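Student: I have the sequence and the structure open. Can you take me through them step by step?

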Amino acid sequence: MFSKLARLNPNNSITTRLALVFGGIVTALTIVSYVIASHEVRNGLEDLFRQRLVNSQATLQYYAEVHFLTSQTRIEALTNSTDFIEAVGSGDRPRIKAITENYLLQNEASVFVVSLQKSETTRREVVGMDGLNPLVSARVERILGQSALGLWPHYVLADDELLELFDTDIATKSGEIIGRLVTGGQVSAFMADDLKRLTGFDVVIKYDNKIVAHTNSKILSEILESPSEMHRGVPDENLIVSSSMNGEEILCLAAPSSDFNAEVTFIASVDESIDPLIARIRSLLLLALFGGGGLSIWAMYRYTSKRIGSQVSMLVAAAEEITRGNLDFCVTQQSEDELGVLAGEIERMRQGLVNAAKRLEIEHQDLISSERMAAVGKSAAGIIHDFKNPLAVIQGTVELMSLKYAGDEKLLKQSATITSQIETMKLLTQDILEFSKGKFDLSLEEVTLKDYLQEIVQAHSSEYERASITLTLQAHAECKVKLDTQRFRRVLNNLLNNAKDALAPSGSVNLGCELGDSGLQIFVEDNGPGIPEDIRESLFEPFVTHGKQEGTGLGLSITKKIVEDHGAKIIVTESSSGGARFVISFQAESVVAQTDASRIVELSH
């Protein structure tokens, strides 16, 4: 290292190069900062703009409440006036007509209908129906035919205009009902302009899926040529729909108004609203960044020596970390000067130590794995020796019983079950041997999955009943797959036995399968205590057990190996009831055929 330091070119000294490089660095940082700041400012303004659009819903609600109170106050003032009560009570049509004309002129109303009731037996006389739109007349007649709701609004669409009608009883000072009043007018025309003045956004009002009013602007005119633009796109969490038109981002917020029985859509162009403000902010950013950059270059020129000291301190700190055994960092060689050469040598030393530690870890793991496999092989040989003779005696006895009691169907069925379990035990010993060798020789055959799973459930039904645990089968009908039936039975037997052992009486276990676009899943789930998340990843490793006092710790390792040799994967998660859920996933191509995948068969044992 010292020979390298001696051969350095004096022109590469830090004091010479740092002042030259720093100017370029400051310029680059200034440009990057400008770009990032501009982007963040735009994002911030867009967020504020969107929030302002969301707040338009509250503005709409406030506007509706003020409008209703204003209309209510106006109508109550009329119905409480002595002149109006006397005109209605006396049935003076000229006076009623004069009051009507004055009210329509002052309040920009278009409907003013008075129903006269001189006595309870006298038929009502209606004043003011002449000249009304037929739709409006029909709605007024229907309102008059109902009981008054107390200044509650009614809405009707006529001539592409939304009309708001209020009805109320007309009573004397003593409370005697002498008539009914229905009055109102267009709300859509002035409502759109009022809301734009309050919110600053363009407004489109729809009633019964028909546009009845809108404000005027260039962008809104383009949108109304294709109204689907207002709802194209996926709404965000604030129900704002974003779309693009002629390169501009358009935001639409549909706000249904229960007060007006209409849908009010606020529309805004993001670019048109915030681009002028962004242009001014960018100018200020450029001034601030370049001014700050110039000041930084001057400060760097003044304090070069201090910068060199900080770099030396960094290299000393790196050496101290290596001495403590901490290698989780990186020393970057940033130049070809003295400190750069030193940093490079320290980094190469650190990398050498890291690589050496990794090699030691790999060798350690290989040694552990070799020791485990040797133990598995030794255990397998002992198991086969211990099981060979007893299994042969049991199998021979069962065969003799089957021959002697050939007419007893129940006994023959039980004998067949015993024989099947003996074959499974033989296969288990062979699996342990093959697992220690790292390979299973599969004998695949096509099976109907529902029938196959049902056989396994039936084989476990007795022991589950003795344990007072419910075993349920859920399987897709007529789903066929290729399996090594004996070895895959070993997989499911192991999972079902583990689930049973983990449960208390009255527990439940589900065995089933689900078929979807991504492939086939066979699952075993229970409502037991579950498996802690911190041991799930190591659960399938050899000699790892959980919740069992007995066992070799090879069951799930063999299970995983058989599943993977079938081209599938097995994972363990948490069931919906908080227990364990083991899922075996096959690719879609593993499914041979299905005829009724949508039907689920459920059998409980």
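Tutor: Start with one definition: buried means under 20% relative accessible area, exposed means over 50%, and partly exposed lies in between (1.4 Å probe, protein chains only). This is a predicted model; local features need pLDDT of at least 70, side-chain atom pairs count only at pLDDT 80 or more, and totals for chains, interfaces and linings use all residues. Residues are numbered from 1 along each chain as its sequence is written, and side-chain values use heavy atoms, with hydrogens and water left out.

Student: Is serine 468 buried, partly exposed or exposed?
Tutor: First find serine 468 in the loop between helix 12 (449-466) and strand 12 (470-483). Helices (H or I, at least four residues) and strands (E, at least two) are DSSP runs, numbered from the N terminus. Phi of serine 468 is near 60°, a positive value in a residue other than glycine. The relative accessibility of serine 468 is 44%, so this residue counts as partly exposed.

Student: And what is the relative accessible area of serine 506?
Tutor: Serine 506 sits in the loop between helix 13 and strand 13 (508-516). Its phi is positive too, near 75°, and it is not glycine. Serine 506 is exposed, and its relative accessible area is 65%.

Student: Which residue stands opposite serine 115?
Tutor: Look at strand 1 (residues 111-116) and strand 2. They pair in the antiparallel sense over three bridges. In strand 2, the residue opposite serine 115 is valine 126.

Student: How many residues of strand 3 are buried?
Tutor: Strand 3 covers residues 152-158, seven in number. It is mostly covered. The buried count is five.

Student: What is the bridge partner of valine 156?
Tutor: Seven bridges join strand 3 to strand 4 (residues 161-171), and the two run antiparallel. Their hairpin has two residues between the strands, and aspartate 159 there takes a positive phi near 55°. The partner of valine 156, in strand 4, is leucine 163.

Student: How do helix 3 and helix 4 lie to each other?
Tutor: Two packed helices are described by the angle between their axes and the distance between the axes. Axes are lines fitted to C-alpha atoms, for helices over the stretch in contact, and angles run from 0 to 180 degrees between N-to-C directions. Helix 3 and helix 4 (residues 93-107) pack at about 140°, with axes 8 Å apart. Angles under 35 degrees count as roughly parallel, over 145 as roughly antiparallel, 65 to 115 as roughly perpendicular and the rest as oblique, so helix 3 and helix 4 are oblique.

Student: What is the distance between the axes of helix 13 and helix 14?
Tutor: Helix 13 (residues 485-502) and helix 14 (residues 555-565) pack at about 140°. They are therefore oblique to each other. Residues that meet include Phe488 in helix 13 and Leu556 in helix 14. The axes are 9 Å apart.

Student: Last one: what is the bridge partner of isoleucine 571?
Tutor: Six bridges join strand 15 (residues 569-574) to strand 16 (residues 580-587), which run antiparallel. Five residues lie between the strands in this hairpin, and glycine 578 takes a positive phi near 95°. In strand 16, the partner of isoleucine 571 is valine 583.

Conventions: Contact = heavy atoms within 4.5 Å. Pairing = 2+ DSSP bridges.
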